[in-house]
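Thanks for coming, everyone. Let me put the model on the screen, and then we will walk through it.

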Amino acid sequence: MIRHHVVVVGGGLIGLSTAHALLREGHKVTIVEKRALGSGAATGNAGELTPQQVAPLASANTARDVFRGVLSRNSYLSIDPLQLPRLARFGLGFLRAARTANASRGAAALAQFSGGIRAALQRMADDGVDISGGGDGFLMTSSDETELDAAHAAYRSRAERGWGAGPGPVLRGDELRAAEPALQPTVVGGFMLPGEFSLDPVTFVASLVERVRAGGADIREGLAAMRIGTGPSASIVCADENGAEVTVRGDRLVIAAGAWTTSILRRSRIRSAPVVSGKGYSFTVPVDRMPSSLVHAMDLHCVAIPMHGRLRIVGMMEFDGHPERANPHRFEVLTRAASRLIADADWSARTDDWVGARPMTADGLPLLGRVPRRPDVIVAAGHNMHGLSLGPITGEIVAALVADREPFVEGRRLDLAPFAVRR
Ligand SMILES: Cc1cc2nc3c(=O)[nH]c(=O)nc-3n(C[C@H](O)[C@H](O)[C@H](O)COP(=O)(O)OP(=O)(O)OC[C@H]3O[C@@H](n4cnc5c(N)ncnc54)[C@H](O)[C@@H]3O)c2cc1C
């Protein structure tokens, strides 16, 4: 097999997973990272790996939420009205993707990864990456009966099509409280999704960084990629911390810069589906009674995750055009939502406030594949809310593309057409 020198741009979940998979196959790897490895949305997220829930955000329900997101400051989805002109293409694409037939097509495209999520993560664990800190099975809750029944039916139907394990029975009232005493009494119902699982992304990323370093990757932190170089070899033109131009060369290039990918492609005159930043927030809170599993409140749009003995709260989707800026009001909105879910928490003793930019695409599908007319350049970005679930498998798919192999997910050929860079 030909060994390549691959330059990976971005050292977040996708870039690190890709570097790991490439090193496993014996390639030489250089990682170019604007800040430090594991920046961006890599560590403060919910740690969920979701063979059942890996689906686009756009749906009839979320399309309705868009209007509330523009008008209200207290919705989980928040859109800065000043950003509307900049978000027009993304917004129209989102509304198109929310049509029932398109949403089903998007879900089917993503479901191709479903069977590979746990297996690819396990291969990383076999290589020595730490996947501890979480647990198996999520409790999905809602106080909206219609939503509860519809979600239960949807997960049953996904399982019947082979996309993950089916849900447990719907529990209500005392039965639910007996199953999970940490819930607020106002939570009406819930059911388990036994096939979903979680890990602690902080230890996972630290361990992945350690494996990638030990594997011999050349790590170039503090270099911001600006544009793809012209010329016969694959190269990326960067700015160092003093603003000086530095060109990093290899013979293959992988652009995995999360929510920052579009600006690199645009400066390189590569047309692509836009990736925009949809910010999420998290914090840790002390509790008297820890939930026995991850609790995902569908109506409140927040998640409570027991992680190495602490409770992390995660939620919000904010489009304000500033991927790295935390908005203190969003922490308040998230705290209010979580306090309606979890009992016996000290909400005034919040720590580890964190904000991260999800790389969102209008149709919910990542950009994954070669750039037209540049077979030496691969894009792996736009993993929306699923970059941890899909990171390990994405790394393996990119490694297949680098080696000119057809990509497979656990023995099934992957149809990459829905993930085309330009669509
Ligand atoms: C609150 C929240 C909760 C989430 N929960 C989950 C979850 O439970 N499960 C799940 O699967 N996903 C979850 N996600 C989504 C997941 O975190 C993202 O999909 C994932 O981080 C995307 O990986 P990435 O490598 O594309 O981007 P990132 O992890 O953001 O990494 C991008 C990297 O590129 C670097 N970079 C940027 N610009 C440049 C440049 N010009 N040059 C060089 N480097 C650059 C950045 O510094 C960063 O290190 C969550 C996200 C958030 C915000």
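A definition before the sheets: two strands pair if DSSP finds at least two bridges between them. Strands (E, at least two residues) and helices (H or I, at least four) are DSSP runs, numbered from the N terminus. This is a predicted model, so local features need pLDDT of at least 70, side-chain atom pairs count only at pLDDT 80 or more, and totals for chains, interfaces and linings use all residues. Residues are numbered from 1 along each chain as its sequence is written, and side-chain values use heavy atoms, with hydrogens and water left out.

Start with the three-stranded sheet. It is open, its order is E9-E10-E11, and the pairing is antiparallel. E9 and E11 (245–250) are the edge strands, each pairing on one side only. Neighbouring strands here are turned by 35° against each other on average, direction ignored. For angles, axes are lines fitted to C-alpha atoms, for helices over the stretch in contact, and angles run from 0 to 180 degrees between N-to-C directions. Four bridges link E9 to E10 (residues 234–239) in the antiparallel sense. Ala224 has Ala239 as its bridge partner in E10.

Next, the six-stranded sheet. This one is open too, ordered E8-E2-E1-E12-E19-E18, with mixed pairing. Its edges are E8 (218–221) and E18 (367–371), and each pairs on one side only. The twist averages 15° from one strand to the next. Inside it, E1 (residues 5–9) and E12 (residues 252–255) run parallel, joined by four bridges. Val8 is partnered there with Val254 of E12.

Now strand E5, residues 136–142. Is E5 mostly covered or mostly open? Mostly covered: six of its seven residues are buried. Buried means under 20% relative accessible area, exposed over 50%, partly exposed in between, with a 1.4 Å probe and protein chains only. E5 has two partners to mention. Six bridges tie E5 to E7 (residues 189–198), and the two run antiparallel. Asp136 sits opposite Phe197 of E7. With E14 (residues 294–297), E5 runs parallel over four bridges. Phe138 has Leu294 as its bridge partner in E14.

On to the ligand. There are 38 residues around the ligand, and Glu33, Glu48, Ala225, Leu388 and Ser389 come nearest. A residue counts as near if one of its heavy atoms lies within 4 Å. By class, the shell holds 19 nonpolar, 15 polar and four charged residues. Nonpolar covers Ala, Val, Leu, Ile, Met, Phe, Trp, Tyr, Cys and Pro; charged covers Asp, Glu, Lys and Arg; the others, Gly among them, are polar.

Which elements supply at least two shell residues each? H1 (13–24), E2 (28–33), E9 (224–228), E13 (276–285), E17 (351–360) and H11 (387–402). E17 gives the largest share, four residues.

Oxygen atoms of the ligand lie by polar backbone atoms: 2.9 Å for Ala41, 3.0 Å for Gly387 and 3.5 Å for His386. The protein covers 97% of the 990 Å² of accessible area that the ligand has on its own. Those areas come from the Shrake-Rupley method with a 1.4 Å probe; for residues, only the protein chains shown count as cover.

Last stop, Ser282 in strand E13. Ser282 is buried, at a relative accessible area of 2%. A polar atom of the Ser282 side chain lies 2.7 Å from the backbone oxygen of Gly44. A polar contact is a pair of N or O atoms within 3.5 Å; within protein, one must be able to donate a hydrogen and the other to accept it, and residues adjacent in sequence count only if both atoms are side-chain atoms.
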